[in-house]
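Take a first look at the chain shown here.

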Amino acid sequence: MINITEILNKSEKLSYKEIIALLSSKSDVLHKLYSKAETIKKTNLGNKTDIWGLLEFSNYCDQDCDFCKFQSENLSINKFRFETEQIVEFAQVMIKSNIKTIILSSGLDHHYDSDEIAYIVYSIKQHKNVKVFLSLGLRDLNDYRKWKIAGADGYICKHLTINGRMYQSCAKNKSLIERMKHIKYLNGLGYKIGAGCIIGVPSQSLDDLTNDIYFLNQLDVSTVFFMPYLSLNLLHKKEEILIKKQMFDLAAVTRILYNQKSIAFSIDYEKYIEKNVNNFRTGENIIMLDFTSFFLNKRKFSDEFNSLSFQLSSPE
């Protein structure tokens, strides 16, 4: 029987079987796993947790992937698009809030052409020391080049899963090979790459998750993002709790394997402000504050909102 404490005390690289054992950890030893991940993070990256700002400016998508909340059959969400100038203004509000890295995210929405996105990126980058990451799906390769010239720093393109059968059941229209081609091209342009896998896919095994963790090293990823499987058939509370636990477990194991990589989790901005959320403490060093719902309620600016400065602080 594999001893979890002995695995966590090892100084050499973990074996495949040991990673499986950690991902199989029972609740009574999870605190040891999380504590080890936090210790490694603090030793290698310091005690500070960086705060990034996330703005989802459109939830329209030309794809209809099974894992995504944007899928056409999801009638529980209201569709929206922000205007170009609104996106720039909202970014400015985040910058006033001491946000130094902004993620602009949408579905694969060609309502915004490449020039509009380039304009948005360029406008935001007029502020000194602000980084812009894009997460806009698989676009034309020339679009990536144009956005890089406009000043984009990074691109989030999750590999989803390297299990080919599982990938085909989740994603639509683009093959895994095509996705890898895009990630390689983005890397060649000098983008900082954000990648990661889906968690909670039906029939997904611990072997699948372990393979996905290993694969991150081949992608030369700077930041790791995990993504919950949000099929309409899996939106029950029991499954949500299990997926959240798996995300924490995977983050901790990823931190143990890759002590220098950044690991990011997302939480809603308003919950963060209300302190209605627990610190994750599983080895992540970036918290992405999702401002989307906040801005959806305030698309008509007032003078008070324009001058608002939240002065966010990083949790210690």
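The questions and answers below go through this predicted model, from the whole chain to single residues.

Q: How many helices and strands are there in the protein chain?
A: The chain has 316 residues, and 53% of them count as buried. Its secondary structure is made up of 13 helices and ten strands.

Q: What share of the contacts with a separation of 6 or more comes from residues 24 or more positions apart?
A: Contacts here are counted between residues with a separation of 6 or more. Of these, the part from residues 24 or more positions apart is 74%.

Q: Why is strand β1 described as largely enclosed?
A: Strand β1 covers residues 50-58. A residue is buried when its relative accessible area is under 20%. That applies to eight of the nine residues of β1, so the strand is largely enclosed by the rest of the structure.

Q: Which residue is the bridge partner of W52 in β10?
A: β1 pairs with strand β10, residues 286-290, in the parallel sense over five bridges. Within β10, W52 has as its bridge partner M288.

Q: Which residue of β2 is the bridge partner of G53?
A: Strand β2 spans residues 101-106 and runs parallel to β1, joined to it by five bridges. In β2, the partner of G53 is I102.

Q: Is N98 buried or partly exposed?
A: N98 is found in the loop between α4 and β2. N98 has a positive phi of about 75° although it is not a glycine. Most residues other than glycine have a negative phi. With a relative accessible area of 38%, N98 is partly exposed.

Q: What is the relative accessible area of L160?
A: L160 lies in the loop between β4 and α7. Its phi is positive, about 75°, although L160 is not a glycine. L160 is buried, and its relative accessible area is 3%.

Q: What part of the accessible surface belongs to carbon and sulfur atoms?
A: The accessible surface of the protein chain comes to about 15,300 Å². The part belonging to carbon and sulfur atoms is 49%.

Methods. Residues are numbered from 1 along each chain as its sequence is written. This is a predicted model: local features need pLDDT of at least 70, side-chain atom pairs count only at pLDDT 80 or more; totals for chains, interfaces and linings use all residues. Side-chain values use heavy atoms; hydrogens and water are left out. Buried means under 20% relative accessible area, exposed over 50%, partly exposed in between (1.4 Å probe, protein chains only). Helices (H or I, at least four residues) and strands (E, at least two) are DSSP runs, numbered from the N terminus. Two strands pair if DSSP finds at least two bridges between them. Contact means heavy atoms within 4.5 Å. Accessible areas come from the Shrake-Rupley method with a 1.4 Å probe; for residues, only the protein chains shown count as cover.
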